[in-house]
Every structure is written in structure tokens, then in C-alpha cells.
Amino acid sequence: MPIELGSTMVFDTLAAFEAARDARYDSGTMYYGRYGNAATFQLEQMLAKLEQADGVTLTSSGVAAITLTLMSFARPGSHLLVADHVYGNTRAFCDGLLTRMGVEIEYFDPMAGADVVALIRETTCAVMFEAPGSGTFEMPDIPTIAQAAQAAGVPSVLDSTWATPIFCQPLTLGADVVVASMSKYLSGHSDGMMGMIASTAEHAQTIRKTVMGVGDKTGGQEVFLALRGLRTLKMRMEHF
Ligand SMILES: *Cc1c(COP(=O)(O)O)cnc(C)c1O
């Protein structure tokens, strides 16, 4: 797949334009550059297969993947459970912008396992954690935490940047959303910045609408580099 560039697309008929506009949040619909092109859709499909996800949306960075996912679920007055070992910028976003917008942040011990059940409230909007955790690298019990959230009807969000889908596919363990920085192992060459959000069908459109609603998007060169890097992911991860 070559580097795909372009903003405006030309339609042969008004009907074709309107059909594309109405389906613009579906991966694979060519409508306007910000919603994706042939290369971004190919990358989304590759990641969906690796993560066993129903939907994948690319973001401009790993941080954008995290913040836009949390913004898709958080509401003023809601309560957000965040594992104490999360990436520094995740914490900064929770303590900064989300707190300012009236979201109550509660940090929990990532090794709490089934004890997370007792922390979930009626107002809990999501459970955010990492496996393994940034810096300290402890490995939380993904199925137990994800099932506790699911039983309460609360989406669980897992930052899987370090494990990559080669070592862990959180959606198969009950998580609802996987976020990752593609700037690290997924692209693998330290020459591109990007993030991704993979989820079940239930949350895919909500998240995609948030990402596209704020105008976040990936660049053609970055997508090209990620498509190239992803091809050696398995070999690179096994070598580490
Ligand atoms: C690097 C990293 C991020 C942020 O990704 P960027 O692409 O640098 O924005 C998020 N989570 C974890 C665990 C990371 O290591």
C-alpha cells in the first residue's frame, strides 16, 4: 500500500455523496480525508484482526487514544476508576481536564482483582487499567477486573501498549476497549507516532464519533510506516 494522501474526494453523483456522508463513521467508507482512506482502513482491519476487535479507530497518538476513549464514557458527575499504575499522561489527563469537567477520579490498586467490585458505583462510567502497568510492570488479573466491570454494566478500558496483541488480546479476556500507543512496539521503528482504539461492536461507533468529532486524525506517512512496521511485529516481540 503506497502513502495515501488527500483531503477532498469527488463523487460522481449527489446520491453517492449522500450515501458516503451517512456512512462516514463506518471504517471503509471514503467520504473525506479526516475520516480515513484506503490505507487507514487497511491498517484498521489488520489491527482488528490482531486484537479480535469488532472495530478499530486510529488516533494521532497513544495519549489521544486514551483521552478520547475516556471522553467517550465520562460525564459530569460520573465516577472513573483508574488503576494506580497508569501511564503518567493518563493520570495527568484524569487529574487535569477530566477533574475540571466534573468527573470524580478514584485510583485503585491494580492487583485488587475481585475487590474492584466493591469500588464500582451507580455513577461509575468506566474502569481504566494497564497490563502490564507502566513503570512498575505488575500484571493485573484482566478477566476478573473486566468481568467485575461487565457485571455492573461498566465498560473496561485496557492500555495494552506493552503487551501488544502478540502476547495479550484483552478483548478475548472480557475487556470492552483496548487502547495502545502505536509509536512503540506496534510501529516498531521509532519513526512514527500514532495510537489505536480497538473495541467490541457495542462501543465502536461511540468512540469513533468522539475521535472524529474532535477532529483527531492520522497522517498518511504515519499510516504507511505503521503498515510496514506491523508486518514484523511478531518476530520483533518474540525476539525481545
Ligand atoms: C507511550 C505510551 C503511551 C502514549 O503513547 P504516545 O504515542 O507516546 O502518545 C500510552 N500508554 C503507554 C503504556 C505508553 O507506554
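# A guided tour of the predicted model

Select Asn-37 to begin: with a relative accessibility of 12%, this residue counts as buried, because the cut-off for buried is under 20% relative accessible area. The model on display is predicted. Asn-37 sits in the loop that connects α1 (14-22) with α2. Leaving aside residues up to four places away in sequence, Asn-37 touches Glu-4 and Met-30.

Which backbone atoms lie by the polar atoms of the Asn-37 side chain? One is the backbone oxygen of Glu-4, at 3.4 Å from a polar atom of that side chain. Another is the backbone nitrogen of Ala-39, at 3.0 Å.

**Along helix α2**

Next, select α2, which has 14 residues. From its first C-alpha to its last, α2 reaches 20 Å, close to the 20 Å expected at 1.5 Å a residue. The buried residues of α2 are Ala-39, Thr-40, Phe-41, Leu-43, Glu-44, Leu-47, Ala-48 and Glu-51. Just after the helix comes Gln-52, with a positive phi of about 55°. Gln-52 is not a glycine, and its place is the loop between α2 and β1.

**The nonpolar cores**

Now select Leu-80 and Leu-98. In the largest nonpolar core, which has 41 residues, these two touch the most other members. Helix α3 gives this core its largest share, 6 residues. Apart from this core lies another, of 21 residues, including Ala-48, Met-196, Leu-230 and Met-237.

What does Leu-80 touch, not counting residues up to four places away in sequence? Its contacts are Leu-70, Cys-94, Leu-98, Val-103, Glu-104, Ile-105, Glu-106, Cys-125 and Ala-126.

**The ligand and its surroundings**

Select the ligand next, and display the residues around it. How many residues surround the ligand? There are 15, and the closest are Gly-62, Asp-159, Ser-181, Ser-183 and Lys-184.

- Gly-62 has a backbone N or O atom 2.9 Å from an oxygen atom of the ligand.
- Asp-159 has a polar side-chain atom 2.7 Å from a nitrogen atom of the ligand.
- Ser-181 has a polar side-chain atom 2.7 Å from an oxygen atom of the ligand.

On its own the ligand has 380 Å² of accessible area, and the protein covers 93% of that.

Remain in this region and select Thr-161, in the loop between β5 (156-159) and α6 (164-167). Is Thr-161 buried or exposed? It is buried, because its relative accessible area is 9%. The side chain of Thr-161 makes a polar contact of 2.6 Å with the side chain of Asp-159, and it also reaches the backbone nitrogen of Ser-181 at 2.9 Å. Beyond residues up to four places away in sequence, Thr-161 touches Val-179, Ala-180, Ser-181, Lys-184 and Tyr-185.

**Along helix α8**

Turn to α8 (residues 201-213), a helix of 13 residues. Its reach from first C-alpha to last is 19 Å, close to the 18 Å expected at 1.5 Å a residue. Colour His-203, Ala-204, Ile-207, Arg-208, Thr-210, Val-211 and Met-212, which are buried. What covers these residues includes α2 (38-51), β1 (55-59), α3 (62-73), β6 (177-181) and β7 (195-199). After α8 comes Gly-215, whose phi is positive, near 85°.

**Some loops to finish**

Select Ser-190, in the loop between α7 (182-186) and β7. Its phi is near 55°, a positive value in a residue other than glycine. Ser-190 counts as exposed because its relative accessibility is 74%.

Then move to Thr-232, in the loop between α9 (220-230) and α10 (233-239). With 28% relative accessibility, Thr-232 counts as partly exposed. Thr-232 and Gly-188 are 44 residues apart in sequence, and 8.4 Å apart in space from C-alpha to C-alpha.

The last stop is Pro-132, in the loop between β4 (124-130) and α5 (142-151). What kind of peptide bond joins Ala-131 and Pro-132? The bond is cis, with omega about -10°.

Key:
Residues numbered from 1 in each chain as written. Predicted model: local features only at pLDDT ≥ 70, side-chain atom pairs only at ≥ 80, totals over all residues. Heavy atoms only, no water. Helix = DSSP H or I, 4+ residues; strand = E, 2+ residues; numbered from the N terminus. Expected span 1.5 Å × (residues − 1). Buried < 20%, exposed > 50% of the residue type's maximum accessible area, 1.4 Å probe, protein only. Contact = heavy atoms within 4.5 Å. Core = buried A, V, L, I, M, F, W, Y, C linked by side-chain atoms within 4.5 Å. Near = heavy atom within 4 Å. Polar contact = N/O pair within 3.5 Å; in protein donor to acceptor, adjacent residues only side chain to side chain. Areas by Shrake-Rupley, 256 points an atom, 1.4 Å probe, with all protein chains shown as cover.
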